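The structure is shown first.

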Amino acid sequence: MQQRVRNWWRRGRWVALALVLLLVLPPLGAYAALRVSYSGDVADGTTSRGQDAIWLGHAWVDGRKKDADLAAFAARIKGTGIRDLYVHAGPLEHDGTLPADRYPRAKWLLDAVHRTMPGIRVQAWLGDVLATEGPDGLRLEKAESRAAVVASARQILDAGFEGVHFDLEPLHSDDADYLSLLDDLRGLTRARKAQLSVAAHQIDPLPAAHTVVGALSGSEKWWSQEFFGQVARRVDQIAVMSYDTWMPLETMYGGYVAQQTELALEVTPEDTDLLMGLPFFHEDDLGHHESAETVSAAVRGVRLGLTAADPGRKRFGVALYVDFAAKEQDWTSYRKGWH
């Protein structure tokens, strides 16, 4: 997600998933299971419901983007299912506060979007590193830090944003302080008739996988399915970061996304928007293999998971990460596969 969080979170931490694959899952059996998940036909109608989202970089609110950029973006998303823009307006300070000078061009963006793209909502994307696996970062166990985050959300709504999208990482499963924060934020956003949205970790592919990984490496990659459901019940939208999966093959990645989609659908309430992330970025490292984690594989995996679990689900979509790293092929695959 926000760059410094993504770099900190991925580098040196993918040993956790390697340990699970090597010590818990027999590699050939894992491949076979994911390959089966990626096979079969998708159901008719498992396409865009017009409830998709895209993460947009900080350039949209700091002065780098101009009217011409917005016109080109409007043309780019015309005819797609994109409804929500998660615009990076942070990061938060480690005490939970948000300096107002982080988003000096927010009014320009909000006015221009409402004028030229009717029906599109603009949410402020706020995030920070959590002090869950190191000494530095935001500490949700402190009541004053949670109160400051709520105040930052109020500040961003006062600026005219129609919602707040939070990405706090690394966030361990079963974090009661995070649930408490969401309860407080939901009280604010409901009173303001605004959206509350979060980026979510992937769900345990095996029961208690996050516990095993935490014990072996000190770093948790997944959330329990129960915790995912607890989060989903407290927000208006939940967007699964279904990338950076360590999968080496496209078929394995697509099958993994299908499984994640099914697991998420099982515990996400009907009145919560569930969005599955699409990898609109291009890197090659231990966590993300560009040749495997393709948009086309992710879209097919999403449709297969939707087919298996709830093909008629209305409040469902995909979320595109991220505008500044996307290539033309990503947009083509999204349009071709999801519309």
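## Overall architecture

Helices (H or I, at least four residues) and strands (E, at least two) are taken as DSSP runs and numbered from the N terminus. On that basis, the chain of this predicted model has 12 helices and 8 strands. Of its 339 residues, 57% count as buried. Among contacts between residues at least 6 apart in sequence, 82% join residues at least 24 apart.

## The barrel

The 8 strands form a closed barrel with parallel pairing, in the order β1-β2-β3-β4-β5-β6-β7-β8. From one strand to the next, the twist averages 25°. Strand β2 is joined to β3 (residues 121-129) by 5 bridges, and the two run parallel. Within this pair, D84 stands opposite R121 in β3.

Helix α7 (residues 176-191) touches β4 (163-169) and β5, and its direction makes about 155° with that of β5. Helix α12 touches β1, β2, β7 and β8, and its direction makes about 170° with that of β8.

Strand β6 (residues 237-240) is covered on both faces. Q237 and A239 lie on one side, I238 and V240 on the other, and all are buried.

On one flank, β6 pairs with β5 (residues 195-200) in the parallel sense over 4 bridges, and Q237 is the bridge partner of S197. The pairing of β6 with β7 is likewise parallel, with 4 bridges; here I238 stands opposite L274 in β7. Together with helix α10 (residues 250-267), β6 and β7 make a right-handed β-α-β unit.

## Helix α4

The buried residues of α4 (residues 67-77) are L70, F73, A74 and I77. Because they cover an arc of only 100° around the axis, they are on the same side of α4. An α-helix has 3.6 residues a turn, so residues three or four places apart point the same way. The face of α4 turned away from its buried side carries the exposed residues A68 and A75.

The packing partners of the buried residues of α4 are β1, β2, α5 (106-116) and α12. Just after the helix, G79 takes a positive phi of about 85°.

## Helix α12

In helix α12 (residues 328-338), the buried residues are D330, W331, S333, Y334 and W338. Seen down the axis, these residues fall within an arc of 165°, so they line one face of the helix. Q329 and K336 are exposed and belong to the face turned away from the buried side.

The buried residues of α12 pack against both strands and helices: β1 (52-56), β2 (82-88), β7 (273-279) and β8 (316-321), together with α4 and α11 (295-309).

## The contact between α4 and α12

How do the axes of α4 and α12 cross, and within what distance do they come? The two axes come within 11 Å and cross at roughly 35°. From α4 the contact is made by A75, R76 and I77, and from α12 by E328, W331 and R335. By class, the contact has 3 nonpolar and 3 charged residues, with no polar residue.

A75, by contrast, is an exposed residue on the face of α4 turned away from its buried side.

Notes
Residues are numbered from 1 along each chain as its sequence is written. This is a predicted model: local features need pLDDT of at least 70, side-chain atom pairs count only at pLDDT 80 or more; totals for chains, interfaces and linings use all residues. Side-chain values use heavy atoms; hydrogens and water are left out. Axes are lines fitted to C-alpha atoms, for helices over the stretch in contact, and angles run from 0 to 180 degrees between N-to-C directions. Contact means heavy atoms within 4.5 Å. Ala, Val, Leu, Ile, Met, Phe, Trp, Tyr, Cys and Pro count as nonpolar, Asp, Glu, Lys and Arg as charged, and the others, Gly among them, as polar. Buried means under 20% relative accessible area, exposed over 50%, partly exposed in between (1.4 Å probe, protein chains only). The arc is that of the directions from the helix axis to the C-beta atoms. Two strands pair if DSSP finds at least two bridges between them. A crossover is right-handed if, with the strands pointing away from the viewer, the path from the first strand over the helix to the second runs clockwise.
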